[in-house]
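This report looks at helix packing and strand pairing in one structure. Please read it alongside the sequence and coordinates.

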Protein chains: 2
Amino acid sequence: MSVKSYIGILIILNLFLLLLLESCSLDSDEAESNSLKVKAVFEVIGTRRTVREFQGTSVPQEHIIKILDAARYAPTAGNVQPWKFVVIQKRSRLESLSELLQTSWEQKIKTHPELEEEKRNLYVTGGKEAIQKAMTAPVYIIVLVDTSVYPQYALYDGCLAVENLMLAARSMGYGTGFFTTYFEGGVVKSFLNAPENLKFICATPLGIPLEWPPMPEKKYLEEFIVYESFDEE
Amino acid sequence: MSVKSYIGILIILNLFLLLLLESCSLDSDEAESNSLKVKAVFEVIGTRRTVREFQGTSVPQEHIIKILDAARYAPTAGNVQPWKFVVIQKRSRLESLSELLQTSWEQKIKTHPELEEEKRNLYVTGGKEAIQKAMTAPVYIIVLVDTSVYPQYALYDGCLAVENLMLAARSMGYGTGFFTTYFEGGVVKSFLNAPENLKFICATPLGIPLEWPPMPEKKYLEEFIVYESFDEE
């Protein structure tokens with residue numbers, strides 16, 4: 001092959017590589033970025049899970065702040081923004097809370113004398129274990145809302161903010177959970193010395209999951225959707 | 001310059017372009033994709049707005065389905081999945097609903113005889129206009145929950161799903177709103193012929209906004225956060 005042919009091939013190769021580079025930079029264009037945005041949001045929504053056991057690894061303070069910042073962008077009736085997020089990170093306090101919740105759970109089960117003793121013991125042990133596991137998270141966020149302006153709407157605002165919090169956390173690789181059953185509102189509020197006008201919404205752990213739980217069994221999408229009216233179903 | 005030099009330069013250019021291509025393809029690697037995911041989720045959370053007036057442009061059926069699919073990935077107590085999403089798209093039905101809501105609003109205001117007549121008229125007119133504008137959306141989704149298993153938790157599940165719905169819609173360029181005030185639950189349920197055990201959560205429009213509303217005034221993030229306990233504030 002002649003030297004000219006070599007030069008020719010090399011020039012063509014250059015042009016080809018330049019073309020590839022061009023198409024590669026197009027990837028970051030706006031249209032593409034929109035479809036990436038949709039993909040990212042749906043992936044995060046679809047992979048959020050309730051996490052019930054955590055690695056001890058701590059969560060950087062700026063991540064906690066970033067996640068709470070997202071929470072407060074939820075819709076809020078009359079722009080009241082009734083949220084309070086209590087961040088508990090001190091290990092000693094998390095352990096005290098765990099003790100209190102376990103005792104409160106045991107007492108709650110004891111108020112069901114209709115349960116056979118064996119079953120009651122199982123519930124008590126199961127609950128205590130669940131609380132211990134959940135409390136392995138390095139951070140707990142207690143979500144409360146001020147009900148003094150719109151009592152019912154404040155409740156809605158609280159939940160909407162929690163979903164933002166959970167998705168923001170999930171996008172950053174953290175697990176959360178909307179915990180109420182083992183977290184008796186009264187116990188949590190008294191532990192926090194929370195003012196009367198604040199209503200407990202939920203407690204959520206924040207941390208790296210021990211493992212990501214599999215997807216729970218889901219009903220078919222069709223079961224949720226009704227078109228136009230219930231008559232026409 | 002000799003032919004060898006040309007070939008040398010061309011070879012070096014090729015190597016350089018190959019290196020550029022390599023770094024470009026690294027962009028789509030996992031680490032980068034994670035940070036893009038975080039960015040996308042936070043952008044969507046931060047740019048969601050309550051939209052109160054819409055372009056008539058219709059919403060493709062597959063988009064409605066995709067958005068409702070995201071809604072049902074919300075947390076749900078005991079995996080009950082208590083949701084019903086009623087999709088209203090027929091223009092004639094949207095107009096009937098609009099009429100009903102306007103009448104119901106007028107009647108509601110009339111039950112406040114303590115209001116001066118002038119003020120009452122203003123409220124009636126303002127409400128009716130707001131309803132008319134909101135009903136310019138080509139689709140309405142009425143969110144209800146089955147309260148027969150966990151009445152209180154079902155309410156939470158309903159709100160959590162609505163936030164998913166709103167974020168999914170926002171990522172796709174659609175506006176929504178958590179509407180309750182002008183959408184009296186009883187009126188909406190009777191319009192839908194909804195079963196007794198379903199509780200109305202909210203009505204949300206779905207459509208391309210006439211314009212994206214600016215950010216409402218926000219409290220400082222610090223006002224929402226309490227560390228460890230209310231005593232220590």
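The text below covers a pair of helices and then a sheet, both taken from a predicted model.

**Helix pair**

Two packed helices are described by the angle between their axes and the distance between the axes. In chain A, helix H4 spans residues 91–110 and helix H5 spans residues 117–134. Their axes come within 9 Å and cross at roughly 160°. Because angles over 145 degrees count as roughly antiparallel, H4(A) is roughly antiparallel to H5(A). The crossing of H4(A) past H5(A) is right-handed.

Residues on the H4(A) side of the contact include A:Leu101, A:Trp105 and A:Ile109. Among those they meet on the H5(A) side are A:Tyr123, A:Val124 and A:Ile131. A:Gln102 and A:Glu106 of H4(A) also take part, as do A:Gly127 and A:Lys128 of H5(A). By class, the contact of H4(A) with H5(A) divides as follows.

| Residue class | Residues in the H4(A)–H5(A) contact |
|---|---|
| Nonpolar | six residues |
| Polar | four residues |

**Sheet**

An open sheet is formed by four strands, ordered E3(A)-E2(A)-E1(A)-E4(B), with mixed pairing. Its edge strands are E3 (198–206) of chain A and E4 (225–227) of chain B, each of which pairs on one side only. From one strand to the next, the twist averages 25°.

Which strand of chain A is joined to E4(B)? Strand E1 (residues 83–88) of chain A is joined to E4(B) by three bridges, and the two strands run parallel. A:Val86 has B:Val226 as its bridge partner in E4(B).

Definitions and conventions: Residues are numbered from 1 along each chain as its sequence is written. Chains are lettered from A and ligands numbered from 1 in the order in which they are written. This is a predicted model: local features need pLDDT of at least 70, side-chain atom pairs count only at pLDDT 80 or more; totals for chains, interfaces and linings use all residues. Side-chain values use heavy atoms; hydrogens and water are left out. Axes are lines fitted to C-alpha atoms, for helices over the stretch in contact, and angles run from 0 to 180 degrees between N-to-C directions. Angles under 35 degrees count as roughly parallel, over 145 as roughly antiparallel, 65 to 115 as roughly perpendicular and the rest as oblique. A crossing is left-handed if the near helix is turned anticlockwise from the far one by less than a right angle, and right-handed if clockwise. Contact means heavy atoms within 4.5 Å. Ala, Val, Leu, Ile, Met, Phe, Trp, Tyr, Cys and Pro count as nonpolar, Asp, Glu, Lys and Arg as charged, and the others, Gly among them, as polar. Two strands pair if DSSP finds at least two bridges between them.
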